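Me: I would like to go through the pockets, cavities and surface patches of this model, and to ask what each label rests on.

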Amino acid sequence: MLGLVEIARLETTMQGKELCLTMIRDSVRKLDGFIKDIIDYSRNQRLELTAEKVNIREVVEEAFSELKYLDKDNFIEKNINCTDERHFMTDGKRLSVVMKNLFSNAIRYHDLKKAQRYIKVDISYKPDKAVIQVSDNGIGIDNTHIGSIFKMFYRADESSSGSGLGLYIVKESIEKLKGTIDVNSTPEIGTTFTVVIPSLRPIS
């Protein structure tokens, strides 16, 4: 960024200055994302589990809203299907971190070749747990990478601008919630993450 600032100062054309500003903005966003990932990781390690009444649909909607800048032209259709409107006992902050990381991945790896692109979230409840499926029709993940995507700093796509921490934080957060996550993906077809989290205690 410092280098780009110096180049911008030397630029004599408005077009050149605008290009430098665009590159600085992209660098800031990348750095901001990395810092947020580090903070999420730190919080997940330090903070105790907090059981509270959470509306999962609202958590999903807020996560999509916070990530609008990643899909500013609204190319990707977002669908939420919830079988039952209810409150669920879990740690809302950790669940929000999980959803935002899964959605940001789906947005970053959408398939530019497809005219219709989507992220679909299905929320269902069983007596003592919630099941959240996040599906997309993005570029998919090759089978050779599936076993490693939850590792720290692992990137299935080297062209990615992410920190390589997102899915690692997802896995760690879900383990704190005493839940599980599974992934099913086919290259050029799409990816589905299935998150299962138990109720941390009965709703009184």
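Reply: In this predicted model, H3 gives the largest share of the lining of the second largest pocket, namely five residues.

Me: Which elements supply at least two residues each of that lining?

Reply: They are strand S1 (52-54), helix H3 (56-66) and helix H4 (92-108), and the residues that line the second largest pocket include Glu-52, Glu-58, Glu-62, Glu-66 and Lys-93. The space in this pocket comes to about 150 Å³.

Me: Why is Met-1 called partly exposed?

Reply: The relative accessibility of Met-1 is 42%, and since buried means under 20% and exposed over 50%, with partly exposed in between, Met-1 therefore counts as partly exposed. Met-1 lies in the segment before helix H1 (2-10), and together with Val-28, Leu-31, Ile-35 and Ile-39 it forms a nonpolar surface patch with about 400 Å² of accessible area.

Me: How many cavities of 30 Å³ or more does a search of the whole structure find?

Reply: The search finds one, and the largest cavity holds about 30 Å³ of space. Among the residues lining this cavity are Ile-76, His-110, Arg-117, Tyr-118 and Asp-136, and its lining divides into three nonpolar, three polar and two charged residues.

Methods: Residues are numbered from 1 along each chain as its sequence is written. This is a predicted model: local features need pLDDT of at least 70, side-chain atom pairs count only at pLDDT 80 or more; totals for chains, interfaces and linings use all residues. Side-chain values use heavy atoms; hydrogens and water are left out. On a 1 Å grid over the protein atoms alone, a cavity is a set of points where a 1.4 Å probe fits but cannot get out, and a pocket is an open set with protein on both sides within 12 Å along at least five of seven lines; lining residues have an atom within 4 Å of a point. Grid points are joined across faces, edges and corners, and a volume is the space filled by probe spheres set on the points. Helices (H or I, at least four residues) and strands (E, at least two) are DSSP runs, numbered from the N terminus. Patches are made of residues with over 30% relative accessible area and no salt bridge: like charges are joined within 9 Å, nonpolar side chains (Val, Leu, Ile, Met, Phe, Trp, Tyr) within 5 Å. Accessible areas come from the Shrake-Rupley method with a 1.4 Å probe; for residues, only the protein chains shown count as cover. A salt bridge is a side-chain nitrogen of Lys or Arg within 4 Å of a carboxyl oxygen of Asp or Glu. Buried means under 20% relative accessible area, exposed over 50%, partly exposed in between (1.4 Å probe, protein chains only). Ala, Val, Leu, Ile, Met, Phe, Trp, Tyr, Cys and Pro count as nonpolar, Asp, Glu, Lys and Arg as charged, and the others, Gly among them, as polar.
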